[in-house]
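Trainee: Could you walk me through how to read a structure like this one?
Mentor: Gladly, let's take it feature by feature.

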Amino acid sequence: MTGICAGRVVVVTGAGRGLGRAHALALAAEGAQVVVNDLGVAADGVGASAGPAQQVADEIRALGGQAVAHSGDITTTEGAASLVATALDTFGRLDALVNNAGFLRDRMLVNLDEDDWDDVIRVHLKGHFLPLRHAAAHWRAEAKSGRTPDARVINTSSGAGLLGSVGQGNYSAAKAGIIGLTLVAAAEMARYGVQINAIAPAARTRMTERTFAATMAAPADGEFDAMAPENVSPLVVWLSSADSAGVTGRVFEAEAGRITVMEGWRPGPTADKGSRWTPAEAGAAARRLLAAAEEPGAVYGAR
């Protein structure tokens, strides 16, 4: 290990299992002091337990690292504020925030209950906003006091947020919102020494191993485990480190041994009449433009 996060304090939400756990362990292995947050809910968001966060913190300490568990609900103002306070009270600083917590309530739109919509939007989108808001307030105060931070935020979107996913209207909307939040926050916080990026990972977790069982299946002994969550973590570690200086407002796909910089919405074919269109003219122009445009990406499942 290179120790590229030595001396840095990093908060990871949803770090009790899956991707979050892999990120927390990888960050600790590179010298970070880690706040391990997890509410300890089931895969559908039901229940709560301090066990998962504590187990990962204990695992990091057993390996010689430094970690503290936090089992607060980061979708509440109180929980998000206490998350940032835990980092400051325990380690004296905060250098990076990895927003990762989430769960699924998959339904086709006509069967999607309002509660299932609200809960998924809350845990993914609000669960990114509130920790980011409280961390950002701390970093802004530091900058205004003459102690400009070298801070990082890594948000977790999804291929479903980039391209949509049948049966996951709530999840896709939340993950697309996270990308929008990332872009705005990166622009707003740059003056305070904070870089903010997003990843769209694909890995075997509780959220994917059943829904996409064939794709997420573990390989035979000796073969590269392409869907292991640990494959995503090196990019998260680098984005959390000072080595990623100058990288902000970007979205990366990370899967297996592949990293892709996503280029987002770009203007395609355009027609300008120079005056108002009639509906028939607008339709004819739209047809011509669509014929010249690239086909949209495939709609697929949760990543």
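Mentor: We will go from the overall fold to a helix, then to charged pairs and a surface patch. Keep in mind that this is a predicted model.

Trainee: Where do I start, and how many helices and strands are in the chain?
Mentor: Start with the inventory: the chain has nine helices and eight strands. Its radius of gyration is 20 Å, close to the 19 Å that the globule rule gives for 303 residues, so the chain is as compact as a globular protein of that length. Along the principal axes, the C-alpha atoms fill a box of roughly 70 × 50 × 40 Å.

Trainee: What share of the residues count as buried?
Mentor: Of the 303 residues, 47% do. The accessible surface comes to about 14600 Å², and 54% of that belongs to carbon and sulfur atoms.

Trainee: Now the charges. Which residue forms a salt bridge with Asp119?
Mentor: The general idea first: side chains of opposite charge can pair when their charged atoms come close. Here Asp119 pairs with Arg122, the closest N and O atoms being 3.6 Å apart. The two are three residues apart in helix 4, and therefore separated by about one helical turn. An α-helix has 3.6 residues a turn, so residues three or four places apart point the same way. Both residues also belong to a network of salt bridges with Arg105, Arg107 and Asp116.

Trainee: Which salt bridges does Arg258 form?
Mentor: Arg258 pairs with Glu253 at 3.5 Å between the closest N and O atoms, and with Glu255 at 2.7 Å. Arg258 is partly exposed, with a relative accessible area of 36%. Glu253 counts as buried at 15% relative accessibility, and Glu255 counts as buried at 18%. A search of the whole structure finds 14 salt bridges.

Trainee: Last one: is Val110 buried or exposed?
Mentor: Exposed is over 50% relative accessible area, and Val110 counts as exposed because its relative accessibility is 76%. Val110 is found in the loop between strand 4 and helix 4. With Met108 and Val166, Val110 forms a nonpolar surface patch of about 340 Å² accessible area together.

Note on methods:
Residues are numbered from 1 along each chain as its sequence is written. This is a predicted model: local features need pLDDT of at least 70, side-chain atom pairs count only at pLDDT 80 or more; totals for chains, interfaces and linings use all residues. Side-chain values use heavy atoms; hydrogens and water are left out. Patches are made of residues with over 30% relative accessible area and no salt bridge: like charges are joined within 9 Å, nonpolar side chains (Val, Leu, Ile, Met, Phe, Trp, Tyr) within 5 Å. Accessible areas come from the Shrake-Rupley method with a 1.4 Å probe; for residues, only the protein chains shown count as cover. A salt bridge is a side-chain nitrogen of Lys or Arg within 4 Å of a carboxyl oxygen of Asp or Glu. Helices (H or I, at least four residues) and strands (E, at least two) are DSSP runs, numbered from the N terminus. Buried means under 20% relative accessible area, exposed over 50%, partly exposed in between (1.4 Å probe, protein chains only). The radius of gyration is taken over C-alpha atoms; the globule rule is 2.2 Å times the number of residues to the power 0.38.
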